Amino acid sequence: MNIRTSLFEQPLDVINLGLASFADNLVLAGGAATQLDWQPPALGDVAAGLDLAWLINHPRVEAANQIAFERYLAAQPALIDVQFARDTLPAMAQRKLILHAGPPIAWADMCGPMQGAIVGAAIFEGWADSVEAATALVEAGQIDVEPCHHHNVVGPMAGIVSPSMPLWVIQNTTNGSFAYCNFNEGLGKVLRFGANGPEVLERLHWMTQELAPTLQAALKVLGPLELKPIMAQALHMGDEVHNRNAAATGLLLKRLVPALLRCGQPADHVQRAIEFIYSNDHFFLNLSMAACKAMTDAASGVPCSSMVTVMARNGVNFGIQVSGTGKRWYQAPANPINGLYFPGYSAADATADLGDSAITETAGVGGFAMASSPAIVKFVGGTPADATQNSRRMQSITLGSNPAFTLPALDFAPTAAGVDIRKVVDSGTLPIINTGIAHKLAGVGQIGAGITTAPMPGFIEAIRALAEQVRLADGGAA
Amino acid sequence: MQIKHQIFRNRYQDSVSLMQISARISALADIAQASVVMGTPTNQAQLVEAGLACSESAGPNDLIIAVRGSAAACDEALALAATALDSKPASGGESSVVEAAPNNLARAQALHAEANLALISVPGDYAAAEAIKALRLGMHVMLFSDNISLALEKRIKTFAQQQKRLVMGPDCGTAIINGMPLGFANVVKRGAIGVVGASGTGVQEVTCRIDQLGSGISQALGTGGHDLHDDIGGLSMQAGLEALAEDPATQVIVLVSKPPAREVADRILAQAQKAGKPVVVHFLGADPASVARPGITVAHTLAHTAEVAVALERAQAAPAVASALSAQDAQLLNAAAASLAAQRSDIRGVFAGGTFCFEAQLLCQRAGFVAASNTPVKGNSMIADRWQSHGHTLVDMGDDEYTRGRPHPMIDPTLRNQRILAELTDPATAVVLFDVVLGYGAAADPVAELLEVCSKARQQAAAAALPVLVAHVCGTAADPQDRARQITRLRQAGVLVADCNAQAAQWASHVALQQAARRTAGVAGAAQ
């Protein structure tokens with residue numbers, strides 16, 4: 001029988017958009033009707049709304065998403081080594097190159113902390129001996145600046161990586177590809193917040209000369225360290241492995257200490273390494289980020305897939321990448337942060353949202369796993385119930401969930417994972433990002449923390465680009 | 001301005017909780033700066049920088065409350081902070097975790113897999129996208145919304161054809177599927193007659209009349225007003241016809257539309273001939289000979305369409321259209337018109353239903369009355385001023401130009417009733433012709449205000465005779481408004497209520513003919 005005729009043999013079950021009285025009438029007449037809480041999607045952009053409509057449940061997109069999402073789920077990031085950036089990133093061997101967080105941005109447009117950090121990195125590399133000299137080099141184009149993400153690297157806050165810096169080397173053992181992240185410097189005056197004074201450079205030199213070789217030696221003893229189990233365990237211990245990494249750092253240290261003690265490095269080096277990690281509850285963040293990058297990178301580049309593979313901020317714009325369109329960025333000004341400030345600071349002092357750390361939300365943890373970390377939601381005066389609600393809400397904009405990461409507060413439900421640009425634009429529900437707040441001036445540091453969202457316009461632009469790609473794949477018909 | 005501190009020894013609290021308390025007390029009046037922190041060296045340094053330096057010594061496990069402001073405010077802040085430290089947050093509980101109502105089709109379907117039809121009445125700019133989504137999700141669609149371009153309508157309907165889904169609309173006002181009313185629809189008995197119609201009130205009239213004749217409807221499918229346009233080619237009507245042809249519960253099929261483009265009509269009629277069951281076709285205003293085909297019964301009015309369909313369902317011969325007035329009706333009308341002044345000559349039609357206006361124009365024209373209208377049929381003229389009638393005038397008050405920024409007259413008859421009052425008080429008016437549409441979606445008591453309008457007109461007219469009022473009520477006994485009750489009240493107010501729109505138009509024409517005859521007789525008398 002014709003599908004249309006078969007409608008006549010089923011109970012009519014209506015979804016009503018618009019005049020609510022039509023739904024009321026159906027119910028009065030004994031029928032079934034669901035009233036939608038409808039709003040114009042895509043911020044009212046009619047053309048983008050039509051593009052979106054054709055992508056909904058499109059067989060090509062569904063098939064691509066299944067591949068992308070399976071690759072994401074199958075990724076097994078393992079910490080395998082510590083390497084210097086110049087040795088592992090081919091581009092760094094050829095030119096003076098400094099990497100930064102977020103989508104591409106010109107020097108003149110950068111926020112204070114990012115400029116400060118780039119200057120600090122140039123001095124650290126010995127390319128300049130003063131802030132002025134370093135600034136002049138960058139302005140003269142003698143130092144290139146590029147996004148970390150263009151080199152499979154991620155970095156928190158300013159996300160600065162220069163050739164001499166050590167990187168965590170993470171390999172996705174499923175597909176063999178690599179992801180990298182710099183080392184966490186701790187809190188206070190640190191390069192990632194744009195500080196570039198002597199104590200910052202001194203710490204960086206110590207990390208390069210002593211901490212990196214020590215950890216490298218320990219990892220040789222330890223062998224590949226699977227990161228997903230540590231993250232999963234930390235989610236059961238109050239972390240969401242973005243803004244709270246206390247448990248994960250402890251778990252990492254537990255694995256590292258025996259290896260450090262047996263790695264043959266001088267005892268005082270080992271001692272200082274342990275003390276450094278011990279004193280920094282965020283030490284694991286950079287490993288969490290690289291693991292997340294490895295997972296989402298596995299899903300990148302599947303034509304017609306609407307899965308978000310990167311969310312990153314440069315202190316001005318928020319950029320996303322979508323699997324189907326590979327490395328193409330879709331950017332929009334970052335949304336304000338709803339947060340709490342340290343004494344003496346307010347929203348007026350804050351720079352716009354900054355850092356590659358939203359890769360954690362991209363991979364289904366951080367803000368998406370807020371139910372496991374009620375303390376985080378308190379940044380905006382929320383309750384544990386709000387945290388739970390947030391994690392549930394994210395389920396409505398993702399392709400699925402990741403059984404590797406479960407949330408006790410949701411009865412061990414898996415975290416929402418694989419943001420679908422179609423669902424974001426159609427529902428108006430934005431991905432939640434847990435974030436630190438940097439002072440807008442270089443070097444002041446962190447001044448608060450809170451919750452923000454990825455801005456809608458980038459998702460809308462991505463919808464339009466994906467629709468074009470799918471149209472071409474369909475044979476170019478209008 | 002003072003700085004005050006309070007220290008709680010060995011009282012560890014999460015820094016986030018403390019920042020919340022800081023934020024709360026900072027917001028108090030006359031507090032310049034406030035902070036609640038654990039006494040770590042970093043935090044103490046920050047207190048110094050913030051101008052809240054603590055002279056008392058404190059360690060990392062000690063909790064410091066520091067405030068700067070007026071003395072009284074500082075005390076208040078310290079007390080509030082101490083209370084906040086002691087109080088446990090209100091428990092959220094499971095009950096506070098609820099999923100919000102879905103705001104998009106895909107989500108709604110994910111939560112509710114049985115959904116099989118999307119009823120869309122959002123603004124036209126967005127409605128097309130929602131229809132496409134619904135089709136992508138495998139749902140059938142009724143698009144009540146209008147203002148969708150023909151190009152987009154064509155794409156939607158072509159896609160629906162590929163997906164083998166029904167699309168009713170855009171601009172589809174009514175449908176009945178599986179006995180359920182969609183949009184404006186009447187409570188019609190279920191039965192074996194299936195209807196596909198391009199005109200909303202046309203479908204309502206046919207289905208109501210079928211109900212009044214004691215039969216019922218299997219399905220009533222709308223196509224929207226533009227479906228039979230050349231550019232669209234009747235895709236929805238073809239799909240509906242095909243679905244009804246295959247539906248075992250449908251024994252007779254009815255097609256109702258304004259006359260389609262020639263090619264479209266040929267295609268649809270060819271398909272109708274192959275339906276394998278009787279098909280009744282009424283293309284309003286079309287030459288019956290152009291429609292007639294073997295296997296197709298041509299009907300002449302909306303009401304006649306219902307009568308023919310019911311007869312065919314009962315395996316009876318199709319009745320002829322009632323062309324002459326019954327003696328009883330003629331007597332009734334003549335009595336009502338007896339006291340009219342001779343100069344009252346005009347038919348004034350004031351309609352809520354667009355198809356009723358269209359049909360009434362056709363029938364009045366056939367009786368010899370060329371009229372003006374905002375939606376003129378062939379041979380009639382475009383109204384010069386849509387707010388002012390001259391000569392025979394029939395207006396569709398549901399047309400865009402009257403409904404911009406206000407509800408349709410079927411929902412809110414205020415504007416329509418004002419127009420009726422204006423026609424009643426015009427000395428040229430012989431007869432006011434109107435429709436009352438009942439059913440889901442229509443006004444709860446459409447007659448109530450109208451009766452007030454009539455009594456007001458009577459007061460204004462004083463002793464002089466008012467024009468004759470002729471109406472028909474499109475609805476069924478089971479409609480929420482109760483058709484019999486509406487008719488009774490209209491009759492009590494002196495309105496002549498016909499069985500159907502065609503009859504009402506015929507009655508109005510009769511009154512106008514009588515008046516014309518009276519004037520001719522008067523002229524002849526004067527000449528003598």
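This is a predicted model: local features need pLDDT of at least 70, side-chain atom pairs count only at pLDDT 80 or more; totals for chains, interfaces and linings use all residues.
Colleague: Okay, and which residues of helix α8 of chain A are buried?
Modeller: Residues are numbered from 1 along each chain as its sequence is written, and chains are lettered from A in the order in which they are written. Helices are DSSP runs (H or I, at least four residues), numbered from the N terminus, and α8(A) covers residues 131–139. Buried means under 20% relative accessible area with a 1.4 Å probe, protein chains only, and that picks out A134(A), T135(A), L137(A) and V138(A).

Colleague: Why do they line one face of the helix?
Modeller: Look down the axis of α8(A) and take the directions from that axis to the C-beta atoms. The buried residues line one face because they fall within an arc of 160°.

Colleague: Which residues are exposed on the other side of α8(A)?
Modeller: Exposed means over 50% relative accessible area. On that other side, the exposed ones are E132(A) and E139(A).

Colleague: Over in chain B, is G173(B) buried or exposed?
Modeller: G173(B) sits in the loop between β6 (167–168) and β7 (174–177); strands are DSSP runs of E, at least two residues. With a relative accessible area of 19%, G173(B) is buried.

Technical notes. Side-chain values use heavy atoms; hydrogens and water are left out.
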